[in-house]
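Me: I have just opened this entry and would like to be taken through it. Could we go step by step?

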Amino acid sequence: MLKKLRSYVNLFQSLDKLSRAADFRKERKFSEMFSALDSISCEALDVDIMLMRAAALIELGEKKKATLLLAKSNERIRSSTVKKDVKTYLELYSVLLIYKAADEDYSTNNLLKSWDSIDLSNVPGRTKRLFPIEVYNKG
């Protein structure tokens, strides 16, 4: 019982650190963001950490590192994410980051179909806030 309680405390502390890291990213304080991410020791948030780190690396121009990290995060998403809509949402976010790293247009019908297949009510608000997706239908 005590062990389970400690794991919940660790999860909530880690979520707080992840939220602070997201705030640092918005403020473009990348060294603070990376420090906050490095201080998180919660396996349940590994995908979140990888995606946030990759997005920041793209913003810093380190696109090759970001792409390698995104490939690793995609493997983790496929193997560890249980809920279909959350998995599809995170995979789509990752693909959009890969397109961004390659400076390519991503408004293809396949991506729009992926977006349309997601029931956003099944995706946690925290996920949508940390990893916002903007999809524009160009016709």
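Me: How are H1 and H2 oriented to each other, roughly parallel or roughly antiparallel?
Reply: In this predicted model, the axes of H1 (residues 2-26) and H2 (residues 30-38) cross at roughly 165 degrees. An angle over 145 degrees counts as roughly antiparallel, and H1 and H2 are therefore roughly antiparallel to each other.

Me: Within what distance do the axes of H1 and H2 come?
Reply: The axes of H1 and H2 come within 8 Å. The crossing of H1 past H2 is left-handed.

Me: Which residues make that contact?
Reply: H1 contributes Lys17, Leu18, Ala21, Phe24 and Arg25, while H2 contributes Phe30, Glu32, Met33, Ala36 and Leu37. Sorted by class, the contact of H1 with H2 holds seven nonpolar and three charged residues, with no polar ones.

Me: Let me pick out Ala36. Is Ala36 buried or exposed?
Reply: Ala36, a residue of helix H2, has a relative accessible area of 8%. Buried means under 20%, so Ala36 is buried.

Me: What is Ala36 in contact with, leaving aside its neighbours within four places in sequence?
Reply: With those neighbours set aside, Ala36 is in contact with Lys17, Ala21 and Phe24.

Me: Let us step back. How many helices and strands does the protein have?
Reply: The protein has seven helices and zero strands. From the N terminus on, its elements run α-α-α-α-α-α-α.

Me: What share of the residues count as buried?
Reply: Of the 139 residues, 37% count as buried. As for contacts between residues at least 6 apart in sequence, 62% of them join residues at least 24 apart.

Me: Moving on to H3 and H5: at what angle do their axes cross?
Reply: The axes of H3 (residues 46-59) and H5 (residues 84-101) cross at roughly 20 degrees and come within 10 Å. Angles under 35 degrees count as roughly parallel, and H3 and H5 are therefore roughly parallel to each other. H3 passes H5 in a left-handed crossing.

Me: Which residues make the contact there?
Reply: On the H3 side they are Val47, Leu51, Ala55 and Ile58, and on the H5 side Leu90, Tyr93, Ser94, Leu97, Lys100 and Ala101. By class, the contact of H3 with H5 has eight nonpolar residues, one polar and one charged.

Me: And H4 with H5: at what angle do they pack?
Reply: H4 and H5 pack at about 165 degrees, their axes being 10 Å apart. H4 and H5 are therefore roughly antiparallel to each other, and their crossing is left-handed.

Me: What classes of residue are in that contact?
Reply: The contact of H4 with H5 has six nonpolar, four polar and five charged residues. Among them are Thr67, Ser73 and Asn74 of H4 and Glu91, Ser94 and Ile98 of H5.

Me: What is Asn74 in contact with?
Reply: Leaving aside neighbours within four places in sequence, Asn74 is in contact with Ser94 and Ile98. Asn74 lies in helix H4 (residues 63-80) and is buried, at a relative accessible area of 10%.

How values were computed
Residues numbered from 1 in each chain as written. Predicted model: local features only at pLDDT ≥ 70, side-chain atom pairs only at ≥ 80, totals over all residues. Heavy atoms only, no water. Helix = DSSP H or I, 4+ residues; strand = E, 2+ residues; numbered from the N terminus. Buried < 20%, exposed > 50% of the residue type's maximum accessible area, 1.4 Å probe, protein only. Contact = heavy atoms within 4.5 Å. Axes fitted to C-alpha atoms, helices over the stretch in contact; angles between N-to-C directions. Parallel < 35°, antiparallel > 145°, perpendicular 65-115°, else oblique. Left-handed = near helix turned anticlockwise from the far one by under 90°. Nonpolar A, V, L, I, M, F, W, Y, C, P; charged D, E, K, R; others polar.
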